[in-house]
Amino acid sequence: GGVQTKNRLERLFRECGWRRAVDVTTDSFLSWRSSTTGLSPRTLNHYLADAITFLNWLERAGRITINPLRHVSKVEEKGRETRLRRALSDRELAKLIKGAPHYRGIVYLTAARTGLRHGELAQLQWGDLDFDSDTPHVLARAGTTKNKKDSRIPLTRELEAALSAHKPDDAKPTDSVFPKGVP
(Lines give C-alpha, C1' and ligand atoms only; values in the text may rest on other atoms or scores of the structure.)
Protein backbone atom coordinates (compact mmCIF):
# COMPACT_ATOMS: atom_id res chain seq x y z
CA GLY A 1 0.00 0.00 0.00
CA GLY A 2 0.80 3.67 -0.27
CA VAL A 3 1.39 4.30 3.44
CA GLN A 4 3.85 1.41 3.72
CA THR A 5 5.74 2.61 0.62
CA LYS A 6 5.87 6.15 2.03
CA ASN A 7 7.16 4.85 5.37
CA ARG A 8 9.85 2.76 3.67
CA LEU A 9 11.02 5.66 1.52
CA GLU A 10 11.10 8.02 4.52
CA ARG A 11 13.16 5.48 6.48
CA LEU A 12 15.60 5.07 3.57
CA PHE A 13 16.04 8.84 3.15
CA ARG A 14 16.53 9.27 6.91
CA GLU A 15 18.87 6.31 7.55
CA CYS A 16 20.88 6.67 4.31
CA GLY A 17 21.29 10.41 4.85
CA TRP A 18 19.55 11.29 1.58
CA ARG A 19 18.31 14.90 1.65
CA ARG A 20 17.88 15.38 -2.09
CA ALA A 21 17.61 12.98 -5.04
CA VAL A 22 21.24 13.70 -5.93
CA ASP A 23 22.29 12.19 -2.56
CA VAL A 24 20.93 8.76 -3.54
CA THR A 25 23.79 6.43 -4.46
CA THR A 26 24.24 2.71 -4.93
CA ASP A 27 26.94 2.66 -2.23
CA SER A 28 24.81 4.43 0.37
CA PHE A 29 21.92 2.03 -0.23
CA LEU A 30 24.14 -1.09 -0.15
CA SER A 31 25.83 0.16 3.02
CA TRP A 32 22.42 0.69 4.66
CA ARG A 33 21.18 -2.72 3.54
CA SER A 34 24.23 -4.61 4.82
CA SER A 35 24.17 -2.86 8.22
CA THR A 36 20.42 -3.13 8.80
CA THR A 37 19.38 -5.87 11.19
CA GLY A 38 15.96 -7.24 12.02
CA LEU A 39 14.57 -7.15 8.48
CA SER A 40 14.04 -10.32 6.47
CA PRO A 41 15.57 -10.65 2.98
CA ARG A 42 12.07 -10.33 1.55
CA THR A 43 11.45 -7.06 3.41
CA LEU A 44 14.81 -5.68 2.27
CA ASN A 45 13.75 -6.49 -1.30
CA HIS A 46 10.51 -4.54 -0.73
CA TYR A 47 12.60 -1.51 0.33
CA LEU A 48 14.70 -1.83 -2.83
CA ALA A 49 11.63 -2.21 -5.07
CA ASP A 50 9.93 0.85 -3.54
CA ALA A 51 13.09 2.95 -3.95
CA ILE A 52 13.56 1.84 -7.56
CA THR A 53 9.92 2.62 -8.40
CA PHE A 54 10.24 6.09 -6.87
CA LEU A 55 13.54 6.81 -8.63
CA ASN A 56 12.15 5.55 -11.97
CA TRP A 57 9.30 8.02 -11.52
CA LEU A 58 11.78 10.86 -10.85
CA GLU A 59 13.75 9.83 -13.95
CA ARG A 60 10.63 9.79 -16.16
CA ALA A 61 9.64 13.19 -14.78
CA GLY A 62 13.07 14.55 -15.73
CA ARG A 63 14.05 15.33 -12.14
CA ILE A 64 17.06 12.99 -12.21
CA THR A 65 19.02 11.88 -15.25
CA ILE A 66 19.41 8.25 -14.26
CA ASN A 67 18.15 5.92 -11.50
CA PRO A 68 21.22 5.22 -9.30
CA LEU A 69 19.72 1.98 -7.93
CA ARG A 70 18.80 0.50 -11.35
CA HIS A 71 21.53 -2.17 -11.20
CA VAL A 72 21.21 -3.11 -7.51
CA SER A 73 20.13 -6.74 -7.26
CA LYS A 74 17.76 -8.26 -4.79
CA VAL A 75 18.87 -10.21 -1.73
CA GLU A 76 18.46 -13.99 -2.06
CA GLU A 77 15.23 -14.96 -0.27
CA LYS A 78 15.16 -18.74 -0.77
CA GLY A 79 16.31 -20.86 2.11
CA ARG A 80 16.24 -17.88 4.45
CA GLU A 81 12.67 -18.14 5.67
CA THR A 82 12.20 -16.47 9.03
CA ARG A 83 9.43 -18.88 10.01
CA LEU A 84 9.47 -22.58 9.39
CA ARG A 85 6.21 -23.42 7.64
CA ARG A 86 4.72 -26.87 7.81
CA ALA A 87 1.39 -28.63 7.77
CA LEU A 88 -0.39 -29.28 11.04
CA SER A 89 -0.28 -32.84 12.29
CA ASP A 90 -3.65 -34.62 12.63
CA ARG A 91 -3.38 -34.18 16.40
CA GLU A 92 -2.67 -30.43 16.09
CA LEU A 93 -5.55 -30.00 13.64
CA ALA A 94 -7.93 -31.87 15.96
CA LYS A 95 -6.83 -29.66 18.87
CA LEU A 96 -7.35 -26.50 16.78
CA ILE A 97 -10.83 -27.61 15.70
CA LYS A 98 -11.82 -28.69 19.22
CA GLY A 99 -10.73 -25.34 20.67
CA ALA A 100 -12.55 -23.27 18.05
CA PRO A 101 -16.24 -22.40 17.87
CA HIS A 102 -18.07 -24.80 15.50
CA TYR A 103 -18.49 -22.22 12.72
CA ARG A 104 -14.69 -21.81 12.61
CA GLY A 105 -13.73 -25.44 13.23
CA ILE A 106 -15.69 -26.66 10.20
CA VAL A 107 -13.83 -24.10 8.04
CA TYR A 108 -10.44 -25.26 9.40
CA LEU A 109 -11.32 -28.91 8.72
CA THR A 110 -12.55 -28.11 5.19
CA ALA A 111 -9.43 -26.06 4.42
CA ALA A 112 -7.11 -28.77 5.73
CA ARG A 113 -8.82 -31.64 3.93
CA THR A 114 -9.44 -29.92 0.57
CA GLY A 115 -6.58 -27.45 0.18
CA LEU A 116 -9.04 -24.75 -0.91
CA ARG A 117 -7.77 -21.18 -0.61
CA HIS A 118 -9.39 -18.54 1.61
CA GLY A 119 -11.35 -16.95 -1.26
CA GLU A 120 -12.48 -20.34 -2.57
CA LEU A 121 -13.75 -21.31 0.90
CA ALA A 122 -15.52 -17.95 1.30
CA GLN A 123 -17.42 -18.48 -1.99
CA LEU A 124 -18.29 -22.15 -1.35
CA GLN A 125 -22.01 -22.84 -1.74
CA TRP A 126 -24.04 -25.93 -0.84
CA GLY A 127 -24.58 -26.56 -4.56
CA ASP A 128 -20.79 -27.03 -4.90
CA LEU A 129 -20.91 -30.07 -2.60
CA ASP A 130 -21.96 -33.44 -4.00
CA PHE A 131 -22.68 -35.95 -1.26
CA ASP A 132 -24.68 -38.30 -3.53
CA SER A 133 -22.24 -39.36 -6.25
CA ASP A 134 -20.05 -42.50 -6.13
CA THR A 135 -17.19 -40.26 -5.05
CA PRO A 136 -18.53 -37.43 -2.87
CA HIS A 137 -16.67 -34.25 -3.76
CA VAL A 138 -16.53 -30.48 -3.63
CA LEU A 139 -16.58 -28.54 -6.88
CA ALA A 140 -14.18 -25.61 -6.87
CA ARG A 141 -15.87 -23.45 -9.52
CA ALA A 142 -13.76 -21.77 -12.21
CA GLY A 143 -15.01 -18.39 -11.07
CA THR A 144 -13.55 -18.92 -7.60
CA THR A 145 -10.24 -20.66 -8.38
CA LYS A 146 -6.88 -19.02 -8.97
CA ASN A 147 -6.29 -20.89 -12.26
CA LYS A 148 -9.88 -20.17 -13.41
CA LYS A 149 -10.64 -23.86 -13.99
CA ASP A 150 -13.23 -26.12 -12.38
CA SER A 151 -11.77 -28.82 -10.18
CA ARG A 152 -13.40 -31.63 -8.25
CA ILE A 153 -11.85 -32.41 -4.89
CA PRO A 154 -12.86 -35.72 -3.25
CA LEU A 155 -14.25 -35.48 0.26
CA THR A 156 -12.75 -37.60 3.01
CA ARG A 157 -15.33 -39.59 4.99
CA GLU A 158 -14.54 -37.42 8.02
CA LEU A 159 -15.15 -34.18 6.09
CA GLU A 160 -18.24 -35.53 4.34
CA ALA A 161 -19.78 -36.44 7.72
CA ALA A 162 -18.83 -33.07 9.27
CA LEU A 163 -20.22 -31.04 6.35
CA SER A 164 -23.42 -33.14 6.25
CA ALA A 165 -23.94 -32.46 9.95
CA HIS A 166 -23.15 -28.73 9.40
CA LYS A 167 -25.69 -28.36 6.54
CA PRO A 168 -28.96 -26.74 7.61
CA ASP A 169 -32.12 -28.69 6.69
CA ASP A 170 -33.42 -25.75 4.66
CA ALA A 171 -30.13 -25.00 2.83
CA LYS A 172 -30.52 -23.83 -0.76
CA PRO A 173 -27.85 -24.67 -3.41
CA THR A 174 -26.81 -20.99 -3.56
CA ASP A 175 -26.51 -20.59 0.23
CA SER A 176 -23.01 -20.11 1.62
CA VAL A 177 -21.52 -23.16 3.33
CA PHE A 178 -19.84 -20.78 5.81
CA PRO A 179 -22.37 -17.97 6.38
CA LYS A 180 -20.39 -16.55 9.32
CA GLY A 181 -17.37 -16.06 7.06
CA VAL A 182 -13.94 -17.61 6.75
CA PRO A 183 -11.39 -16.62 9.42
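Is His46 buried, partly exposed or exposed? His46 counts as partly exposed, at 33% relative accessibility. Here buried means under 20% relative accessible area, exposed means over 50%, and partly exposed lies in between (1.4 Å probe, protein chains only). The model is predicted: local features need pLDDT of at least 70, side-chain atom pairs count only at pLDDT 80 or more, and totals for chains, interfaces and linings use all residues. Residues are numbered from 1 along each chain as its sequence is written, and side-chain values use heavy atoms, with hydrogens and water left out.

The protein chain has seven helices and three strands. Both are DSSP runs numbered from the N terminus: helices are H or I with at least four residues, strands E with at least two. The order from the N terminus is α-α-α-α-α-α-β-β-β-α. The radius of gyration of the protein chain is 25 Å, whereas a compact globule of 183 residues would have one near 16 Å. That radius is taken over C-alpha atoms, and the globule rule is 2.2 Å times the number of residues to the power 0.38. Along the principal axes, the C-alpha atoms fill a box of roughly 70 × 35 × 25 Å.

Of the 183 residues, 32% count as buried. The accessible surface of the protein chain comes to about 12300 Å². Carbon and sulfur atoms account for 51% of that surface. Areas come from the Shrake-Rupley method with a 1.4 Å probe; for residues, only the protein chains shown count as cover. Contact means heavy atoms within 4.5 Å. Among contacts between residues at least 6 apart in sequence, 54% join residues at least 24 apart. The protein chain has 32 positive and 22 negative side chains. Lys and Arg count as positive, Asp and Glu as negative; His and the chain ends are not counted. The centres of the two sets lie 7 Å apart, each charge being placed at NZ of Lys, CZ of Arg, CG of Asp or CD of Glu.

The structure holds five aromatic pairs. Rings of Phe, Tyr and Trp (its six-membered ring) pair if their centres lie within 6.5 Å; planes under 30 degrees apart count as stacked, over 60 as edge-to-face and the rest as tilted. Trp32 and Tyr47 form a tilted pair, 5.2 Å centre to centre with 50° between the planes. Trp32 lies in helix α2 and Tyr47 in helix α3 (residues 41–60), so the pair ties together parts that are 15 residues apart in sequence. Both Trp32 and Tyr47 are buried. Phe54 and Trp57 form a stacked pair, 6.1 Å centre to centre with 25° between the planes. Phe54 and Trp57 are separated by about one helical turn because they are three residues apart in helix α3. Phe54 is partly exposed at 26% relative accessibility; Trp57 is partly exposed at 43%. Ring pairs link Phe13, Trp18, Phe54 and Trp57 into a cluster.

His46 is also placed in helix α3. His46 and Lys74 are 28 residues apart in sequence, with 9.1 Å between their C-alpha atoms. Asp27 lies in helix α2 (residues 26–35). Asp27 is exposed, with a relative accessible area of 62%. The C-alpha atoms of Asp27 and Pro68 are separated by 9.4 Å, at 41 residues apart along the chain.

Thr110 is found in helix α5 (residues 102–114). Thr110 counts as buried, at 1% relative accessibility. Not counting residues up to four places away in sequence, Thr110 touches Gly115, Leu121, Leu124, Leu159, Leu163 and Phe178.
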